[in-house]
Amino acid sequence: MENERHHKAIAIYPGSFDPLTNGHIDLVERAARLFDNLILAVVHNPSKNPLFSVEERMEMLREAASPFPNVEVDSFEGLLVNYASMKRAGVLIRGIRAISDYEYELQMALMNRRLRPEIETVFLMAGEAYSFVSSRMVKEACRLGGDVSGLVPASTELRLREKFKSLQRT
Ligand code: PNS
């Protein structure tokens, strides 16, 4: 038992999740099957001017994570690898959709490896149905009145509509 506890594989899936998309959920399902514990970690990134607050993004993730008993939601500030090591996680999960993601992801993985070589980045491919879905495009389409159903959970779609409505009023 004691051994089992020490050998638990903990992975962190970090991101902006601004907002959560069905592509992210696809990755959560895949990673939850591979690791004993999965932590979805929302980055505090005020400089990126996120549409949703960290708390709102965490709520969306909590809803999506509720079917998975081994998935929890958290947030972090500062260096991701320091947060991972504080959580005793040995793996960082990142999703790759297309070749265009590769360069940025490679740079980040190599920097993280340099900072903490004991933490490994594992890349997962989202299902092909999600290969063009990004939070940025979803936000833009929804802001301009496009239909994003099927690309994000229904509750996220509602939140997006409400957010853009309230921004229009201000
Ligand atoms: O969903 P995103 O915006 O592509 O996620 C990017 C994220 C949060 C993984 C990345 O920006 C990050 O790790 N930020 C924390 C600071 C850090 O550790 N950067 C990487 C090494 S310089």
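One definition before we start: buried means under 20% relative accessible area, exposed means over 50%, and partly exposed is in between. Keep in mind that this is a predicted model.

Salt bridges first. The count comes to 12. Take Lys163 and Glu56. Their side chains meet in a salt bridge, 3.1 Å from N to O. Lys163 sits in helix 7, residues 154-169, and Glu56 in helix 3, residues 54-65, so this pair ties together parts that are 107 residues apart in sequence. Buried or exposed, what is Lys163? Buried, with a relative accessible area of 16%. And Glu56?

Next pair. Arg97 forms a salt bridge with Asp101, and the closest N and O atoms are 3.1 Å apart. Arg97 is partly exposed, at 36% relative accessible area. Asp101 is buried, at 14%.

Third pair. Arg116 and Glu118 meet through their side chains in a salt bridge, with 3.7 Å from N to O. Arg116 is partly exposed, at 25%. Glu118 counts as exposed, at 53% relative accessibility.

There is also a network. Which residues does it link? Glu59, Glu63 and Arg159, joined by salt bridges.

Now the surface. Ile99, Tyr102, Leu106 and Leu110 make a nonpolar patch there, of about 420 Å². Look at Tyr102 in that patch. Tyr102 belongs to helix 5, which runs over residues 99-115. Its relative accessibility is 46%, so Tyr102 counts as partly exposed.

Last stop, Thr21. Where is Thr21? In the loop between strand 1, residues 10-15, and helix 2, residues 22-34. Thr21 counts as buried, at 2% relative accessibility. What does Thr21 touch? Leaving aside residues up to four places away in sequence, the contacts are Val133, Ser134, Ser135, Val138, Leu151, Val152 and Pro153. There is a polar contact too. A polar atom of the Thr21 side chain lies 3.2 Å from the backbone nitrogen of Gly23.

To recap two points. Lys163 and Glu56 tie helix 7 to helix 3. Thr21 is a loop residue, and a buried one. That's my part; over to you.

Methods: Residues numbered from 1 in each chain as written. Predicted model: local features only at pLDDT ≥ 70, side-chain atom pairs only at ≥ 80, totals over all residues. Heavy atoms only, no water. Salt bridge = Lys/Arg side-chain N within 4 Å of Asp/Glu carboxyl O. Helix = DSSP H or I, 4+ residues; strand = E, 2+ residues; numbered from the N terminus. Buried < 20%, exposed > 50% of the residue type's maximum accessible area, 1.4 Å probe, protein only. Patch = residues over 30% accessible without salt bridge, like charges linked within 9 Å, V, L, I, M, F, W, Y side chains within 5 Å. Areas by Shrake-Rupley, 256 points an atom, 1.4 Å probe, with all protein chains shown as cover. Polar contact = N/O pair within 3.5 Å; in protein donor to acceptor, adjacent residues only side chain to side chain. Contact = heavy atoms within 4.5 Å.
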